[in-house]
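Please look over the model below before reading on. My notes follow as numbered points.

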Amino acid sequence: MALYEVVREIQNECARNQMRDVFFEEVETGDPAAYVRSLLRDEKDLELSVEEDASGEITVYADCSGMVQKFVFTRI
């Protein structure tokens with residue numbers, strides 16, 4: 001298990017509002033994608049995609065019925 005700082009971004013779908021909701025937390029997990037899946041377990045049409053960059057930062061995109069949330073996991 002690793003300790004991560006997680007930044008969660010949720011795009012605002014309201015017209016003329018370009019802001020997004022941003023949340024920060026520390027999470028201990030061995031599988032960031034499984035962590036996101038557990039958070040969104042009630043979503044019926046959940047699709048996840050995972051990207052890892054050279055520095056080890058992991059980005060998980062969660063598409064929930066057309067609304068995309070972005071989770072960025074940075075190891076602490």
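**Notes on the aromatic cluster and the fold**

1. Tyr4, Tyr35 and Phe73 are linked into a cluster by ring pairs. Rings of Phe, Tyr and Trp (its six-membered ring) pair if their centres lie within 6.5 Å; planes under 30 degrees apart count as stacked, over 60 as edge-to-face and the rest as tilted.

2. The model is predicted: local features need pLDDT of at least 70, side-chain atom pairs count only at pLDDT 80 or more, and totals for chains, interfaces and linings use all residues. Residues are numbered from 1 along each chain as its sequence is written, and side-chain values use heavy atoms, with hydrogens and water left out.

3. The fold is brief to state. One helix and five strands make up the elements of the chain. Their order from the N terminus is β-β-α-β-β-β. Helices (H or I, at least four residues) and strands (E, at least two) are DSSP runs, numbered from the N terminus.

4. How many aromatic pairs does the whole structure hold? The search finds two. Tyr4 and Phe73 form an edge-to-face pair, 5.6 Å centre to centre with 90 degrees between the planes. Tyr4 sits in strand β1 (residues 2-11) and Phe73 in strand β5 (residues 67-75), so this pair ties together parts 69 residues apart in sequence.

5. Tyr35 and Phe73 also pair. Their ring centres are 6.1 Å apart and the planes stand at 90 degrees, so this pair is edge-to-face. Tyr35 belongs to helix α1 (residues 32-39) and Phe73 to strand β5, and the pair links these distant parts of the chain, 38 residues apart.

6. Tyr4 is buried at 7%, and Tyr35 is buried at 16%. Buried means under 20% relative accessible area, exposed over 50%, partly exposed in between (1.4 Å probe, protein chains only).

7. Thr59 deserves a separate point. It lies in strand β4 (residues 58-64). Thr59 is buried, with a relative accessible area of 10%. Beyond its neighbours within four places in sequence, Thr59 contacts Ser49, Val50, Glu51, Lys70, Phe71 and Val72. Contact means heavy atoms within 4.5 Å.

8. Now the chain totals. Of the 76 residues in the chain, 29% are buried. Among contacts with a separation of 6 or more, 42% join residues 24 or more positions apart. The chain exposes about 5,400 Å², with carbon and sulfur atoms supplying 45% of it. Accessible areas come from the Shrake-Rupley method with a 1.4 Å probe; for residues, only the protein chains shown count as cover.
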